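Morning, everyone. Please look at the sequence and the structure on the screen.

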Amino acid sequence: MNTFIAQDEQTIVAQSTPSGTGALAIIRLSGNITIAVADKFISFASKKKLTDLDSHTVHYATICKNDTIIDHVMVTLLRGPKTFTGQDTVEITCHNNPFIIEAIIEQAITHGARLAQEGEFTKRAVLNGKIDIVQAEAINELIHAQNKYMLQQSLAQLDGGFSRWIGDIEKDLLHCIALSEASFEFIDEEMEFDKQIRQLLEQLQLKIIEVQKTFDIQQQIREGIRIALIGTVNAGKSSLFNALLNKNRSIVTNIAGTTRDSIEAGVYRKNFYVTFVDTAGLRKSEDTIEQEGINRALQEAHKADIVLLVADGTQKLSGQETEIYSQLLKQYEPKIISVTTKSDLPSKSLLLLNNSIATSSKNKTNLDVLEQAIDNKIAKLTATLESPFLLNKRQFNLLSVLKKQLETINENIKQHIDYELLSLHLKEALEQLSELSGKTITKDSMDAIFKEFCIGK
Ligand SMILES: Nc1nc2c(ncn2[C@@H]2O[C@H](COP(=O)(O)OP(=O)(O)OP(=O)(O)O)[C@@H](O)[C@H]2O)c(=O)[nH]1
Ligand SMILES: [Mg+2]
C-alpha cells in the first residue's frame, strides 16, 4: 500500500515506549493513510470504523490475527494537522509484552504500514512545520538528559528559546544588510551608516561568543560527573569508594595491589548523576595485568572531572610515592581534592598533601566533609554553565563558522567599507544561519541529525 506514496507520507509504525518491564506499551502509527491502515486490523465492539470516529478521542478495541485475539487495547485517534507529526496518527496502548507488541506491529505491517526509521516521527514534525530542527534536537536531548540542568535547558530549547535567539541574530544580520545596501545606494549623498554597521557586527560577534562559551563544560557534564579515586597501593581507595557509595562494591584486602581494574558505580547527587571510579593502586609493577590496571587508573585521572587523590595517613610517603603524587598534583591541580585515610589510626604527617581531608572509612569520620568538598567542586563546575542554551556539536560547529565569517567581515571593514562586498558576505553569513535553524538544511545534515534518535521517536 505504501508503494506509490511519498516516503514522508507513508504509514510508519513503531513502539514509542521503551522495551522492558512495565504495565503498558504504546505503538504509534503515522502517515497520510494511517486511519485506513489501522481500520484493517483494529476492531471495535460497536462495529464502527476509525474513519467514522471523531478526532482526539480514545476507544476500547481488540486486535486480532486470523480471528485469534492478540490483545485488548485502547486506541487514540488523532487526525492531522493537530498532531505531533502533523499527519493522521493512531496510538495503540497495549499490554507490555514483547510478543503482543511484535504481533501488533506485524499486523500493522501486513496491512500497509512500514517500520519507522530512527527519529522518523520527529523528522515529519519538522517537515510539516510543527517544530523546527533546533526543537527536534531538543527533544532528543530531553529524552537523554542525565541531570536536571540538561533537562531544564532542553525544555527551554523545546519551547523555542534558541530558535528565537537565532531569529534575533537573523534580524540583526538583515538590518546590517539593509544599512549596507542603503549606504551603497546613496553613496553620493553621504548617507553613511558605517558606525552603526560596525557596532551591530561587533555586538553580533559578542552574542555568539557568549553562547558558545560554556560548550566545553556542557559537553563534559552531559554524561554526568566522573570522580576518580587515585592513589598508591593500599592507600584505602576501595574502602573509601565503598564508604562513599554506602555499599561493598569493591574488594578490600590488606594485600597491596588488590584492585586490578577500574570499577565504576553511579549515584544521583544534588541533581547530578555522579560516577565514582575506583582504580588500581599506583606503583612500579612487573606484573602485566597490574601494569595495565595502573595505566587505566592514569587514564581515569585524565578523564575525570574530579580526582580524589587518596593517600594513606598512617604511612610516610616513599620517594617513589612522593614523585607519583607530585606529578598528579602538578598535572591535575584544579580538579583534585586530596584525602588522607585511616584517621582512626595514629597519623604520619604528609607534607605534600597539607590541605587534605583526613578521613576514616572504618569509622566513617569526615566523610561528610569530603562530600561537601565534592559538592563544592560540582557547584564550581556548574556555575560556569550559565549559558541559556544547550548546544550540540552541530550547532556549535555552525556557530563557529558564523563567528569566523563575522570576524573576517569585521577585519575587512576596519579601515574602509566596500558596501557591495559587505552585503555579499553578510548574505553568506545569513545562509550559514539558515543551516543552523534548519530553514535551508541539506538532506545529509537532516539525515545525520535524525540518526541520533531512537526508533519510535
Ligand atoms: N583502620 C583502617 N583501615 C583501613 C581504612 N581504610 C582502609 N583500611 C585498610 O587498608 C587496607 C587497604 O585498603 P583498600 O581499600 O583495599 O586499599 P586500596 O587503596 O584500594 O588498595 P589497592 O586496591 O591494593 O590499591 C585494608 O586492609 C583496609 O582494611 C580505615 O579507614 N581505617
Ligand atoms: Mg583497591
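**Around ligand 1**

Let's start with one contact. A backbone N or O atom of Ser-361 lies 2.9 Å from an oxygen atom of ligand 1. Keep in mind that this is a predicted model.

How much of ligand 1 does the protein bury? Taken alone, ligand 1 exposes 650 Å². The protein buries 87% of that.

Lys-237 has a polar side-chain atom 2.8 Å from an oxygen atom of ligand 1. Lys-342 has one too, and there the distance to a ligand oxygen is 3.0 Å. So much for single contacts; next, the neighbours.

There are 22 residues around ligand 1. Which come nearest? They are Lys-237, Ser-238, Ser-239, Gly-257 and Thr-258. Note that Lys-237 is both on that list and in a polar contact with the ligand.

What is the make-up of this shell? Six of its residues are nonpolar, twelve are polar and four are charged.

**The pocket**

Where does ligand 1 sit? The space it takes is the second largest pocket. A quick word on how one looks for such space. Rolling a probe the size of a water molecule over the atoms shows where empty space is left.

The second largest pocket holds about 370 Å³ of space. It is lined by 24 residues, and the closest to its centre are Asn-234, Gly-236, Ser-239, Val-252 and Lys-342. Ser-239 was listed among the residues that come nearest to ligand 1. Lys-342 was the lysine at 3.0 Å from a ligand oxygen.

Which helix gives the largest share of the lining? That is helix α9, residues 237-245, with three residues. By class, the lining has six nonpolar, 14 polar and four charged residues.

**Two backbone details**

Now leave the ligand and look at the chain itself. Find Gly-80 and Pro-81. A cis peptide bond joins them, with omega about 0 degrees. Pro-81 belongs to the loop between β5 (68-78) and β6 (89-95).

Last stop: His-56. Its phi is near 55 degrees, a positive value in a residue other than glycine. His-56 also sits in a loop, the one between β3 (42-43) and β4 (57-65).

That's my tour. Thank you.

Conventions. Residues numbered from 1 in each chain as written. Chains lettered and ligands numbered in written order. Predicted model: local features only at pLDDT ≥ 70, side-chain atom pairs only at ≥ 80, totals over all residues. Heavy atoms only, no water. Near = heavy atom within 4 Å. Polar contact = N/O pair within 3.5 Å; in protein donor to acceptor, adjacent residues only side chain to side chain. Areas by Shrake-Rupley, 256 points an atom, 1.4 Å probe, with all protein chains shown as cover. 1 Å grid on protein atoms, 1.4 Å probe; cavity = no way out; pocket = protein on both sides within 12 Å on 5 of 7 lines; lining within 4 Å. Sits in = over half its atoms within 2 Å of the grid points. Nonpolar A, V, L, I, M, F, W, Y, C, P; charged D, E, K, R; others polar. Points joined across faces, edges and corners; volume = space filled by probe spheres on them. Helix = DSSP H or I, 4+ residues; strand = E, 2+ residues; numbered from the N terminus.
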